[in-house]
Amino acid sequence: DRGDQFTLDNMAANLVNSISLRTLLENPDENKLPEYGLGVPYTQVYVKLKGGREEGPLLIGDMSPFEGYVYIRRPGDNTIYLANALLRKGLDKPLYDIRDKTILHIDEKSLREIELAAPAALVKVARDDKGQWRITQPREAEVDGDAMTEMFTALKDSKIRKFVQEEPGPLEPYGLARPHYRFTFSPGKASSATTLLLGNPAQGEEGIYAKYQDAPKVFVLAKDLWDKMPKSLFDFRKKHVMTFSNDQIRKIEVERGGMKLVTEREKQDEWRITSPREVKGGHYEIDGYLYSLKDVKA
C-alpha cells in the first residue's frame, strides 16, 4: 500500500536525529533487562540500507525517570543507553498514521475529463483547446468555476478518514455494489484514470463509504468533502445569470411598472440618471446594485 511520505520522512528523521546516546549501563545482567523495558521491548526497529544491507533490531524500552529520555539497546552492543524520548515518540505510529490517505493522486492541471455517473444523469466535463472546463454531456453548457474550484480544493485538503475493509468482501452493506455516484477523473489516458465510487452514509461516522473501482479496500470520506462534490448537472453548471465586471458597464436600463430607469456612466466613479429625469447618480448605490445583480444565480 502507499505510505504517507511526510509521516515516514519524519519517522526516519527522528530515527537518525534522536540517537544522541548517553551510556547508562555496560554489560548488564540479562535478568536486569526487564527493569528497563528491554526484556520484551516496547519497539524493535529493523532498517534496510542501500545495497540491501540490513541492521537491527534496535531495542526501545521504557521511558526513563530522567525526563526526556528512553532506554535503548543497539544491535550487537551489550550496553544500555539513554536516548532522546523523541526516538520512541516519533516511531510510535499506528498503521493509519503512516498510510497514504490522499484521495486523488492525479494533479488537477493534468486532468482532461471528469465523468459523473449519478442517478439523475451521466455528466461529462472536459477541458477545451484553451484549457477551460466545459460541460459536454448530457448537453453543452458553461461550467460553474466556483464549484470546480471548491471540489478540487476539497479533494486536495481532505483525507481518507478511516479504512473499514481491506480485502475483497461484500459491498452491499456500504452501498458500493451499486454505487450511488461514480466519479472518473481522467488525465486523457484511460489506463491512468481514477474512478471513485461513493455509497451509503457511514455507520456512526460523519461521512460516506467509498472505494476505488480497481482496488478492494473500502474507506470513509468526510461529510465536508461529500458536501462539496458536484452531484448533478445543475451542480456543475454555471448558475450566474449575468457575468460582467463593474467597470465594463456603461449604461443600465431597467423597465418596471411602466417606468424606464436609465443610468449612464460619465466617468469611472460618476453616474448620471438620464430617465425619467436628469439627476446625478449615487456612485456607491449604483455599484452596490451591480454587485447584487452579479450575485444572482439560477
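Q: Which residue in the hairpin of strand 2 and strand 3 takes a positive phi?
A: G51, with phi near 95° in this predicted model. The hairpin has five residues between the strands.

Q: How do strand 2 and strand 3 pair, and over how many bridges?
A: Strand 2, residues 43-48, and strand 3, residues 54-63, are antiparallel and share five bridges.

Q: What about N27, what is its phi?
A: N27 has a positive phi of about 45°, although N27 is not a glycine. Most residues other than glycine have a negative phi.

Q: Where is N27, and is it buried or exposed?
A: N27 sits in the loop between strand 1 (22-26) and strand 2. The relative accessible area of N27 is 59%, so N27 counts as exposed, the cut-off being over 50%.

Q: Backbone again. Which residues does a cis peptide bond join?
A: Q137 and P138 are joined by one, with omega about 10°. The bond from S275 to P276 is also cis, with omega near 10°.

Q: Where do P138 and P276 lie?
A: P138 is in the loop between strand 8 and strand 9. P276 is in the loop between strand 17 (270-275) and strand 18 (279-281).

Q: How many bridges join strand 7 to strand 8?
A: Four, between residues 122-127 of strand 7 and residues 133-137 of strand 8, which run antiparallel. Within this pair, A126 stands opposite R134 in strand 8.

Q: And strand 11, how many of its residues are buried?
A: Five of its six, so the strand is mostly covered, buried meaning under 20% relative accessible area.

Q: How does strand 11 pair with strand 6 and with strand 12?
A: Strand 6 (residues 113-117) and strand 11 run antiparallel and are joined by five bridges. Strand 11 and strand 12 are also antiparallel, over five bridges.

Q: Which residue in strand 11 is the bridge partner of E115, and which in strand 12 is the partner of Y181?
A: E115 has T184 in strand 11 as its partner. For Y181, the partner in strand 12 is L198.

Q: Where is H180, and what is its relative accessible area?
A: H180 lies in the loop between strand 10 (162-165) and strand 11 (181-186). Its relative accessible area is 35%, so H180 is partly exposed.

Q: What does H180 touch, not counting residues up to four places away in sequence?
A: The contacts of H180 are A117, A118, P119, G175, L198, G199 and N200.

Q: And how far is H180 from K231?
A: They are 9.9 Å apart in space, C-alpha to C-alpha, and 51 residues apart in sequence.

Q: Now the largest nonpolar core. Which residues touch the most other members?
A: M148, F185 and L221, out of 35 residues in that core. Helix 4 (residues 145-157) supplies the largest share, five residues. Another core, of 11 residues, lies apart from this one and includes L15, Y81, A83 and L91.

Q: What does F185 touch, leaving out residues up to four places away in sequence?
A: F185 touches L104, I106, L111, E113, I114, M151, L155, A193, T194 and M229.

Q: How many cavities of 30 Å³ or more does the structure hold?
A: One. The largest cavity has a volume of about 40 Å³.

Q: What lines the largest cavity?
A: L155, L196, L198, I208, L221, A222, L225, W226 and M229. By class, the lining has nine nonpolar residues, no polar and no charged. Strand 12 (194-201), strand 14 (218-222) and helix 5 (223-228) each supply at least two of the lining residues.

Q: And the largest pocket, how much space lies in it?
A: About 330 Å³. It is lined by 17 residues, and those closest to its centre are R2, H105, T194, Y212 and D214.

Q: How does that lining divide by class?
A: The lining of the largest pocket has seven nonpolar, five polar and five charged residues.

Definitions and conventions: Residues are numbered from 1 along each chain as its sequence is written. This is a predicted model: local features need pLDDT of at least 70, side-chain atom pairs count only at pLDDT 80 or more; totals for chains, interfaces and linings use all residues. Side-chain values use heavy atoms; hydrogens and water are left out. Two strands pair if DSSP finds at least two bridges between them. A nonpolar core is a set of buried Ala, Val, Leu, Ile, Met, Phe, Trp, Tyr and Cys residues joined through side-chain atoms within 4.5 Å. Buried means under 20% relative accessible area, exposed over 50%, partly exposed in between (1.4 Å probe, protein chains only). Contact means heavy atoms within 4.5 Å. On a 1 Å grid over the protein atoms alone, a cavity is a set of points where a 1.4 Å probe fits but cannot get out, and a pocket is an open set with protein on both sides within 12 Å along at least five of seven lines; lining residues have an atom within 4 Å of a point. Grid points are joined across faces, edges and corners, and a volume is the space filled by probe spheres set on the points. Ala, Val, Leu, Ile, Met, Phe, Trp, Tyr, Cys and Pro count as nonpolar, Asp, Glu, Lys and Arg as charged, and the others, Gly among them, as polar.
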